[in-house]
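I opened the notebook to look up a few things in this model. The entries follow in the order I took them.

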Amino acid sequence: MAETRSRKAYREAQQHAETEAESRDARRRQVERDYAKQTRTHPTTGRFDDVTYKKVNSLKKKLNWAIGIVIGLLVIVAGVLFGL
C-alpha cells in the first residue's frame, strides 16, 4: 500500500537528498583535484608544451599574414571593379 506523506515532509526529504548530493559532488571534485595534482608528470605553461607553443605561434603569424594578404587583394579587386 502506498505510503502517504505530507507535502512538507516530501519537500524536506527532497531538500535533504539534494544537499547530500551536493556535498558528495563537492567531495568528489576535491578528490579528483588532489589526484590530478599527485599524478601530474611535469608542470606545463598553459595548455601546450614548449615545442607545441612555438608551432602554434608560427601558425598564428602565418595565418595573420594570409588574412592580411587576402584583405589587400580584395581591396585591389574592389578598386578595379568599381573604378575607385
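I began with a term: a salt bridge is a side-chain nitrogen of Lys or Arg within 4 Å of a carboxyl oxygen of Asp or Glu. The model is predicted, so I kept its limits in mind: local features need pLDDT of at least 70, side-chain atom pairs count only at pLDDT 80 or more, and totals for chains, interfaces and linings use all residues. Residues are numbered from 1 along each chain as its sequence is written, and side-chain values use heavy atoms, with hydrogens and water left out.

**Salt bridges**

I asked how many salt bridges the structure holds. The count is three. I took R28 with D25 to start: their closest N and O atoms are 2.3 Å apart. Both residues lie in helix α1 (residues 7–39), three residues apart, about one turn of the helix. Helices here are DSSP runs of H or I with at least four residues, strands are runs of E with at least two, and both are numbered from the N terminus.

R28 also meets E32 in a salt bridge, at 2.9 Å from N to O. R28 and E32 are four residues apart in α1. R29 pairs with D25 at 3.7 Å, N to O. R29 and D25 are likewise four residues apart in α1, about one turn. I noted the reason for such spacing: an α-helix has 3.6 residues a turn, so residues three or four places apart point the same way.

What links D25, R28, R29 and E32? I found a network of salt bridges.

**Exposure of the network**

I then checked cover. Buried means under 20% relative accessible area, exposed over 50%, and partly exposed in between, with a 1.4 Å probe and protein chains only. D25 is partly exposed at 28%. R29 is partly exposed at 38%. R28 counts as partly exposed at 40%. E32 is partly exposed too, at 45%.

**Whole chain**

I looked up the totals next. The protein chain has two helices and zero strands. Of its 84 residues, 0% are buried. Its accessible surface comes to about 8,400 Å², and 61% of that belongs to carbon and sulfur atoms. The areas come from the Shrake-Rupley method with a 1.4 Å probe; for residues, only the protein chains shown count as cover.

I moved to α2, residues 50–82. The helix has 33 residues and reaches 48 Å from its first C-alpha to its last, close to the 48 Å expected at 1.5 Å a residue. That expected span is 1.5 Å times one less than the number of residues. G83 follows α2, and its phi is positive, near 65 degrees.

Which residues make the nonpolar surface patch of about 590 Å²? I listed W65, I69, L73, I76 and V80. Patches are made of residues with over 30% relative accessible area and no salt bridge; like charges are joined within 9 Å, nonpolar side chains (Val, Leu, Ile, Met, Phe, Trp, Tyr) within 5 Å. W65 lies in α2 and is exposed at 63%.

**Before α1**

My last entry is R5, in the segment before α1. R5 is exposed, with a relative accessible area of 53%. Leaving aside neighbours within four places in sequence, R5 is in contact (heavy atoms within 4.5 Å) with Y10 and A13.
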